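This briefing covers a strand barrel and a charged surface patch. The structure comes first, then the notes by topic.

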Amino acid sequence: MATMLFCPFCGFRIPSEDPRFCPGCGHPLAGVISPAQGHDGPHPVDANSVPAKTVVQPMPAMETADAWTDKGNAPAVVKPREPASTERMLGLGQTQTRQMFVVLRDAYRGLDDANALLDASRRQRRRAGRCDTILRCMVALVLLDAVAAGLCLWLVATDVVNAIWQVADVLTCVAVVVTVICIGLTSVRRRLRSRLREADDETSRWEMTIERIRHAVEPLEERLPSEACNAGYVTRVLALADEGHPFAEAMMEADDAEGFAGRADAYDGLVPLEIALEDVADAIDGAFVLRNEPDGFDKVSDVDGSASPKRSETDHTQPVRSSIVLPVVAIGSSLVAMALCMALLLWALPARQRDLDGVAAAASYCSDQYQRLTKARDAADSVLGKVSDADGDGVGTLNRLVDAVGNESCSVQDVGKLTDTATGYRNQVKAINAALADVNKLVQAKEGAAQRRLDLYARFQQIWNAVASVARGSAGGDGVLDGTYCREDGSCLQVTHGSTPYRYGSLSHTAGENPLFDDMLDLDLNYQSAQATPSTIISIYLVAGHEGEMCGSAMHPGTSCRDQSLFYVPVGMDLAAADAQNGPDRMLGQYEVDPSNPPDDSKAYLVLGGTRGMGKWESLAAGDVPVISDDTVFYLQ
């Protein structure tokens, strides 16, 4: 890594391991500093304080051939080199050359100062330019945001899409942020523009100053090679000359770029300058003075009589007028974008959301009504399974209403249509419920009749089992048949249970015409002991007569007997079924039933059969009995 050194004369930092000249002031540094004894900081020292041993000694005279021979070297002929002169190098005398280099040094220093100030002015301009660029980008961004907000507003307002709250929030945030940025950039731009008016004028003046200085030193720079036309070379030459070097030798010594190579004899003699050096110096000084006058450059001509450089009308350094178009467009477009976003966020989206909420509420109401309809349909289906169309017109009506129930259609996005659909569902529910109420009455009636039949059969089982117990040896059968039985004409019979085993009790005539062959008879059973409980309600076959005189299968031949058959018909017995061929009640089925005047099955009654007589009572036989009707049976009172 190279050791960083500093010039002891001007304090300039020298990044070189073996420096020959200071790039800042041009002083020769050979023998003055070295990496081991470099100056420790950028603090210049007085040249007089440099030790005497550091002063560069004049170059020794060229040794002759004799001297080389005396030293024992090989004999060689060396032609002495003629010393360099400013007359042959520049066509000027040494004094005039020195003056020219002083003028060039001052000119280059002035150019450096002017360029530094010019760079500062241009940086100010670049900042203003960047501000305008950012502002243009913000305008483009906010225009895109406005277009997007307008498109979303149109889509929402025309019901093309549903609510897009997230997009609206993003667009609104972008519009607000860009608006704030545009306002801030406009404020910054205004301040920069106010400064830029002065900076532009300064830039223009410094450029004219630089042009004038360069124009003034052109005649001087023509005498130098292009590699030597710089402040570093001129400064080094003057520093070597101040140390005692001849000026021409100093020019050759400082020529690191070897610009004078081959130009040591560029001129044969003195060639005067086209202009006086004093005039060039005055022109340089005048360039700095005239820059402070607004029209100074336009009024003064150069020292050689040529016109001074004019300010170009298309020069990019011309002051830029502070236009309000860009800030107005930026802020206006951002406000438009923000207005569209606010309209989208505060008006279109809430309105659309209200519409969506209304549609959702209508759809929910429609769905609820359809659910009620399906429940009513399911209830109707369960009831229709218990009846048939033959049960009445109401069943057919309910069937048609159930078949009319279709699929749910609550998916439309129109409140009016959803409301109409829900109303239709509600009306269907009312119609189904009304028809269902009528059918339910039929079902209840059928279920009541069925239950009544079950209850009657249960009561019949109790009577049958009680009477059958008499046939198995019990007495009286718990009196299940006891009671008064009367016919329509007023004839009445009394059934009373007794205490004799294998016998129920007695049957007696109590009022009206006596249908019996005696006023009181014993009441016995016929065949219940040989039968199990029937699966349907049938009559109980009884026989009435005097003890020891009733006919039976165990009678001896030639024995006389007489009795009278009768039937106890329980409540709920179906005489039509009993009267049918091969019906469940074969004994009672032998008797004819008047279909136009059947007995009342809601009451228990007795049916009197014929009278049997054998032997001496054979004349009492009367097998024929009246047809069974409401007028011929004896009802239990």
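Helices α3 (94-157) and α4 (165-221) each supply at least two residues of a positive surface patch. Helices (H or I, at least four residues) and strands (E, at least two) are DSSP runs numbered from the N terminus. The model is predicted: local features need pLDDT of at least 70, side-chain atom pairs count only at pLDDT 80 or more, and totals for chains, interfaces and linings use all residues. Residues are numbered from 1 along each chain as its sequence is written, and side-chain values use heavy atoms, with hydrogens and water left out.

**Positive patch**
- The patch is formed by Arg123, Arg126, Arg127, Arg130, Arg191 and Arg195.
- Helix α3 gives the largest share, 4 residues, while Arg191 lies in helix α4.
- Patch residues have over 30% relative accessible area and no salt bridge, with like charges joined within 9 Å.
- Accessible areas come from the Shrake-Rupley method with a 1.4 Å probe; a salt bridge is a side-chain nitrogen of Lys or Arg within 4 Å of a carboxyl oxygen of Asp or Glu.

**Barrel**
- A closed barrel of 8 strands runs β3-β4-β5-β6-β7-β8-β9-β10 with antiparallel pairing, and the twist averages 30° from one strand to the next.
- Strands pair if DSSP finds at least two bridges between them; angles run from 0 to 180 degrees between N-to-C directions of axes fitted to C-alpha atoms.

**Strand pairs**
- Strands β3 (residues 483-486) and β10 (residues 634-636) pair antiparallel over 2 bridges, and Cys486 has Tyr635 of β10 as its bridge partner.
- Strands β5 (residues 505-511) and β6 (residues 520-525) pair antiparallel over 4 bridges, with Asp522 of β6 the partner of Ser506.
- Strand β6 also pairs antiparallel with β7 (residues 540-545) over 4 bridges, where Leu523 is partnered by Ala544 of β7.

Note on methods:
Patches are made of residues with over 30% relative accessible area and no salt bridge: like charges are joined within 9 Å, nonpolar side chains (Val, Leu, Ile, Met, Phe, Trp, Tyr) within 5 Å. Lys and Arg count as positive and Asp and Glu as negative; His and the chain ends are not counted. The place of a charge is taken as NZ of Lys, CZ of Arg, CG of Asp or CD of Glu.
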